[in-house]
Amino acid sequence: MNKFTLHPVAELIDPIRFAADTEYESRQIFCQWEWMTWNNQPVISSCGLSITPTSLLNLEAQWDYIVIAGGLLEATLNPTEEMLNAIRQLHARQIPIITLDSSSFVVARAGLLDGKRCAIHFTTRDEFRARFPRVTPVLDQTYISDGGIISCPGGTSIELSIDIIRRHCGEKSAVKAMKYMMTESGEEKRSPQGSDRLDKAINRYEEEAVQRTIDYMKAHLSSRASLRDITHLMKVPLRQLNQAFLRSTGDTAAVHWRKIRLSHARTLMTNTSASIDEIAMLCGFSNASHLISWFRKHYGETPASYRKRRREVERLSKKG
């Protein structure tokens, strides 16, 4: 945003820049980023340095994070409705939003911090409290992740940056970045409120999307909807949803849905007299051959052999 402060932006991006390369050449290998402005025009930082965007504004891409860099209050107290709607849409898609410095005022204005905690710089506490009484401002935290919003006051973003690197690139990359930044070692820097806090907060946020998606899958077993149709309904990008599923279940969303359908098909084979064709339709498979193929791959036998074996077990059980 216009009049943004350089310090928190530099503290956030420079460690990521070092972690992104195999050496120290600033190549975007393991991490990528773009600089964007709301009107695609250069903005002036609070110290007078002009910054030119590297990309046109594109909030529809499947970003892992969106960072809003604020600074002087005069530029963040009255955001446009278009800006507020864009931020609300990002949040609805469950893309984590990082607020640097005073940009927390913008996200709070969008109504996304109501009932949540927010890390605030001590110089803006009174103004923030007066404008947003439903938000709990916190002064003694380097950053707070609450409900998909990661708030970070000015001058403390290096800890957030290191925790993001540690979460996505591993401890070795985090130590490399800290070494180059000449900050504390990994063990000294790490605190009980460090990367574990970020992991738990973001994981909890992602797990909600996973659970909502699984609930939908179970309620629509016979649906022919594609996974992209589901992600549109859930307002979650497919890539982000797959990452969340992998962390929560060990499978991609598509594989997990197929497992749910196969499990239900097996239950129907055990408890009903429905034909394989009927079960295939009830469980969302295109035809019996499709079901038989996946059933054999997953369970090591055909549906017919499974049903025959189960009936034999039941017959012997009743006889005994």
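The structure holds five aromatic pairs (Phe, Tyr or six-membered Trp rings with centres within 6.5 Å; planes under 30 degrees apart are stacked, over 60 edge-to-face, the rest tilted). Phe-105 and Phe-132 form an edge-to-face pair, because their ring centres lie 6.0 Å apart and their planes meet at 70°. This is a predicted model: local features need pLDDT of at least 70, side-chain atom pairs need 80 or more, and totals for chains, interfaces and linings use all residues. Numbering runs from 1 along each chain as its sequence is written, and side-chain values use heavy atoms, without hydrogens or water.

**Phe-105 and its partners**
- The pair links distant parts of the chain, 27 residues apart: Phe-105 sits in helix α3 (residues 104-109), Phe-132 in the loop between α4 (125-131) and β6 (136-138).
- Helices are DSSP runs of H or I, at least four residues, and strands are runs of E, at least two, numbered from the N terminus.
- Phe-105 is buried at 2% relative accessible area (buried is under 20%, exposed over 50%, partly exposed in between; 1.4 Å probe, protein chains only).
- Phe-132 is buried too, at 11%.
- Ring pairs join Phe-105, Phe-128 and Phe-132 into a cluster.

**Helix α13**
- Phe-295 and Tyr-299 both lie in helix α13 (residues 288-299), four residues apart, about one turn.
- Phe-295 is buried at 0%, whereas Tyr-299 is partly exposed at 22%.

**Second largest cavity**
- Its lining includes Phe-105, Asp-101 and Pro-153.
- By class, the lining has four nonpolar, four polar and one charged residues (nonpolar: Ala, Val, Leu, Ile, Met, Phe, Trp, Tyr, Cys, Pro; charged: Asp, Glu, Lys, Arg; polar: the others, Gly among them).
- A cavity is a set of points on a 1 Å grid over the protein atoms alone where a 1.4 Å probe fits but cannot get out; lining residues have an atom within 4 Å of a point.

How values were computed:
On a 1 Å grid over the protein atoms alone, a cavity is a set of points where a 1.4 Å probe fits but cannot get out, and a pocket is an open set with protein on both sides within 12 Å along at least five of seven lines; lining residues have an atom within 4 Å of a point.
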